[in-house]
Amino acid sequence: MLGKRLVDDEPDHALEDEVVQEVLKEGTDLRQYSHQIELELRDVENQAIKDYTKESTNIAHLHNQITACDKILERMETMLLGFQSDLGSISTEILCLQKKSIDMSQKLQNRQAVRAPIAQFINDLAVSEALIIGVVEAPVAEKEFITQLKVLNQKINFMKEQTFKDTRSSQDVRDIVEKLKLKAIAKIRAYLLEQISKFRKPNANFQVPQNNMLKFKFFFEFVMANERNVAEEICAEYVDTMGKIYFSYFKAYSTRVSKLQFEEHASKDDLMGIEDTGSRGLFYKTPLKNKSTVFTIGSRGDVLSPEGLEAPIIVPHAAQKCDARYPFEALFRSEQFALVDNSCREFLFICEFFMMGGSAALEFFDQVMGKTLGLLIKNLETYTQDCFDTIALFLSVHIILRYQLLCHKRAVPALDHYFDTLQGIIWPRFEYIFQQNIQSVRDCDPTKFGKEMRPHYITRRYAEYSAAILGISENFPNDLVTRLLAELQEEVELFILRMAAIFQLRKEQLIFLINNYDMVLSVLTERTRENSKEAECFRELLTSRSAEYVEEILSPHFGGLMQFVKEGEALVDKNQMDELKRQEKKALALVQAFNANWKKSLEDLNREVLTSFSNLVTASSLLQLALTQLVHYYHRFHKLLSTAGRAQLTNIHHIMVEVKKYKTSFS
């Protein structure tokens, strides 16, 4: 703006300069010029006054309008100031309302947050008419009572919580809740005692009321939580009732089932080494219903099969009708299976209904079943005192092991101590009888037996017995059993050797040994694993004695040839070929003797071997072994002969054809 003013002022300065210059040029008098200017200004002023006077009306009117406008503007200013003031107060009110809104929103949230707990508190505290009627009037077994009992239980627990918090409002309903609790406990006590009393009815199936009680297991939970004395009374009544029921049942069952055992029992005269007089022992032809086998297992091992272990228990009156008799282990299995079945069910019932676990459940179970278990333990002790049947005892041990596993599968450890006690009773007696059998074999005098080359009955007893023990213990090996079997095997081997010594001829001794070893091996491989330690031992003995027997029976017929082969091969090994050539005459004599007698010798060998052994398969195998050994000697003899001798010797093919004729269907 300053620059613009300077630009606008420039013409005035220029003009002033021109006027000044003109005045100076014309020489005008400045005072006259000034006077002239004043006159002009006065005229302009007068003219302006005239103009203002002329326009005075308009000016006055304009003044009035301006004044009016000023008033209007003043009023507008006042109004706007009022508006401004009002707007300021409105803003303040809005802020105030906003603050109040926030406060109200917070109060609403707080009230909503506290509404649910207060409503729940009131609901938990209030005792409805339906609750009172349900607890007081509804029968215990009805659903309404159970429903209201759960509601009452919640209120009782709620009242306990409020008591610790010292809530005054809970005092208003405390008395009525307490009365309802006492009423409910009284009704539950009467109901549970009534259910327990049903167990005592004659011929009653106590599983039915037990299952019925499980439907109302909350009753005992309620009583246990609110009146422990009543809960203890119910427990005591249950223990007393069920303890008597189980004891009575198993006492009667054990008494009746014991009458089903074989009438004749094994005694001290039924040991392995006791002489078989024909009136006692393994081969005594007694009807099976009167006596069980002592050294053979037969079908007795069926009690350990999965089907046998979980087969239905023996029903005494049904067995008596058909005059059935059983070995001890069958009766023992039936009794123990009944115990396992009842004990597992009882233990699981205790855990579920009485809400117990761990040592508490085991202790409660012992209170219920303790007397019954003691009865069964005493019965076993009575039986084992006079028992001489090791197979029955050993089967019983393995029945116990399998039932213990069955209990563990059912998550029932309650019978572990009982089973351990039973084994503690059986094992010492088992070891004692086993040692008696070993001692009986050790003390056995071979001279009192006849010179019979067939398998001895003591050897047969051992074979059957060891196969039975090995078969039973296959799934549960035991160090004690392994040691006892090794001792017994050693004594039996010594006994077989002592028995063989009563024969004067070595061939007879070998026949006796082979017959006995073969019989033992046959039984072991048939009843147990073929690669068992016992089978391998007797297989080695049989192989060794068989090789010796073959040499023994070949010697009378081909002894000269066999001796020549052994001596000739010794000379060849020493590289004494000249000495071998000097034996040429002897060799030719052997060739002539062989050619003349070999067919008859084969017939004699065949007859002798087949008549010496009771087992035709063994006899055939030995014959084939002898013929094979003969062919082997013949080949070796052929190699030692000179060309002249070989030409006279019978063709090997003729011999092989003849040998094949003696290959029977048993080989």
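Two exercises with worked solutions follow.

The model is predicted, so local features need pLDDT of at least 70 and side-chain atom pairs count only at pLDDT 80 or more, while totals for chains, interfaces and linings use all residues. Residues are numbered from 1 along each chain as its sequence is written, and side-chain values use heavy atoms, without hydrogens and water.

**Exercise 1.** Determine how helix 22 and helix 24 are oriented, and which residues meet.

*Solution.* Step 1: helices are DSSP runs of H or I with at least four residues, numbered from the N terminus. Step 4: L627, V631, Y634 and H635 of helix 22 meet I652, I655, M656 and V659 of helix 24, contact being heavy atoms within 4.5 Å. Step 5: by class, this contact has 7 nonpolar, 1 polar and no charged residues; Ala, Val, Leu, Ile, Met, Phe, Trp, Tyr, Cys and Pro count as nonpolar, Asp, Glu, Lys and Arg as charged, and the others, Gly among them, as polar.

**Exercise 2.** Classify the exposure of C322 and of C351, and describe the surroundings of C351.

*Solution.* Step 1: buried means under 20% relative accessible area, exposed over 50%, and partly exposed in between (1.4 Å probe, protein chains only). Step 2: C322 is exposed because its relative accessibility is 52%, whereas C351, at 23%, is partly exposed. Step 3: C351 belongs to helix 12, residues 328-353. Step 4: leaving aside residues up to four places away in sequence, C351 touches M356 and A361.

How values were computed:
Axes fitted to C-alpha atoms, helices over the stretch in contact; angles between N-to-C directions. Helix = DSSP H or I, 4+ residues; strand = E, 2+ residues; numbered from the N terminus.
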